[in-house]
Amino acid sequence: TWKTDFTNQYNQWKADVDRHRDLRLAEIEQTLARSSALAQIGFQNAVFDAGCRVGRPAAGRISTVEAITRDDVIAFHDRWWRPDGATIILAGELPPDAAQLVDAAFGSWTPGNQRAAHEQTLANPAAPVVWVIDRPGSVQADLRIGGFGPDRLDPQWAALQVASCAIGGAFGSRLNRVLREELGYTYGAHAGFRPLPSHGSFVVQTSCRTEVAAPAARAAIDLLNVTDEPFTATEALDARTFLLGIAPLRFQTADAIADEASVLAGTGLPASWFNDQQAQIAAVSADQASAAFSAAVRPERLSVVLCEDADQLLTGLEAQGLAAEVVVNPVSPGHVGPRQLGLGVAPQGFLAGKAAQAVLRQGEKRQTGKHRRHPQPAPPDDALARCPTIRFRQQERKNQRVARHPEETAVKDERL
């Protein structure tokens, strides 16, 4: 009955679909105003095939999100919100009759015989590339270096975890030690493998001043050459100790346990996989970590993506042996460049699904009485001019503060 009641309400929520579509468009506007987000979008374009879902922005694109209607959301719900292949995950202090309660709530939910299949992730056939996403006037560069990588099913996954921690997964890792402590190029550099249900990626990410962006990129690439400079026994020990030490902290809440279990279920791995993996990590040697990383990460096959003022960066990159191609910045539509960043058409079904999930979550909060407002980060100033929805909301919040605390607001205005 919960599904019938829920669907009946959901079918009436045209206003909610319109509102969530507008919110998503505002979120995309904010995203495209951030250098780090542009660098990440460019990295996905560079590493993955354009036909793969992971190679496109997760939030969708303006042109396709604008076209989503209530009927699209309903069609997605009817097609995909089915128990086919689903796993119900419970975490916490469960009652003795938990199984009976689940059966009573979901037993009548009938499969639709249309089980979803995971998309096969493909690498970009044009990789490796060196791209500069032009952001005129920028004084800081956001840098991504990486390539196509393995997933959790790789037999060397434990060794790769130790290696990625040693190279860029902890404060004392090679990348952070050299780029931050020795060279002073950045406040921090991070690297790691990002597994998907099928394959994944390896990525180095950092930000630095414009004048050191090119040498920072070259230094980071050189540090990834573990073949010439293998991990030491001390580095492997520190990485193992760190990974094993933080593991219990990751699962201090029932919510965290449920999240990890859902990832394993979606990947087709058993619930015991994480504990088994910890035992394997404890046994990884420095030689094993070096061999696994050298096989998975080849510096000459890595793509480099920077978001920065291209005019200030191209000469420096060329001097470092990185001949770059300029990519059009989608936030600056008047700029003309040789390549358009991949923000074109995405599958309508997926975008409708994102809107459906937002509406369904909203309905669940209404039914359970747990509708809570979460504070949103303030958008950049240049996003306000393009987004009346954000501007209106900020003014509305300001008016509400004035109404609640008129004396305090008056004092602040006088100080300004």
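**Close-up views of rings and cysteines**

**View 1. Aromatic pairs in the predicted model.** The structure contains eight aromatic pairs, where rings of Phe, Tyr and Trp (its six-membered ring) pair if their centres lie within 6.5 Å; planes under 30 degrees apart count as stacked, over 60 as edge-to-face and the rest as tilted. One of them joins Phe106 and Trp109: the ring centres are 6.2 Å apart and the planes meet at 40°, so the pair is tilted. Phe106 is partly exposed, with a relative accessible area of 31% (buried is under 20%, exposed over 50%, partly exposed in between, using a 1.4 Å probe and protein chains only). This is a predicted model, in which local features need pLDDT of at least 70 and side-chain atom pairs count only at pLDDT 80 or more, while totals for chains, interfaces and linings use all residues. Residues are numbered from 1 along each chain as its sequence is written, and side-chain values use heavy atoms, with hydrogens and water left out.

**View 2. The pair Phe193 and Phe202.** With ring centres 5.0 Å apart and planes at 50°, Phe193 and Phe202 form a tilted pair. Both residues are buried. Phe193 and Phe202 belong to one aromatic cluster with Trp157, Phe231 and Phe293.

**View 3. Arg79 over Trp80.** The charged end of Arg79 sits over the ring of Trp80, 3.7 Å from the ring centre (the rule asks for NZ of Lys or CZ of Arg within 6 Å of the ring centre and within 35 degrees of the ring normal).

**View 4. Cysteines Cys52 and Cys165.** Cys52 is buried, at 2% relative accessibility. Cys165 is also buried, at 6%. The structure has zero disulfides, a disulfide being a pair of cysteine sulfur atoms within 2.5 Å.
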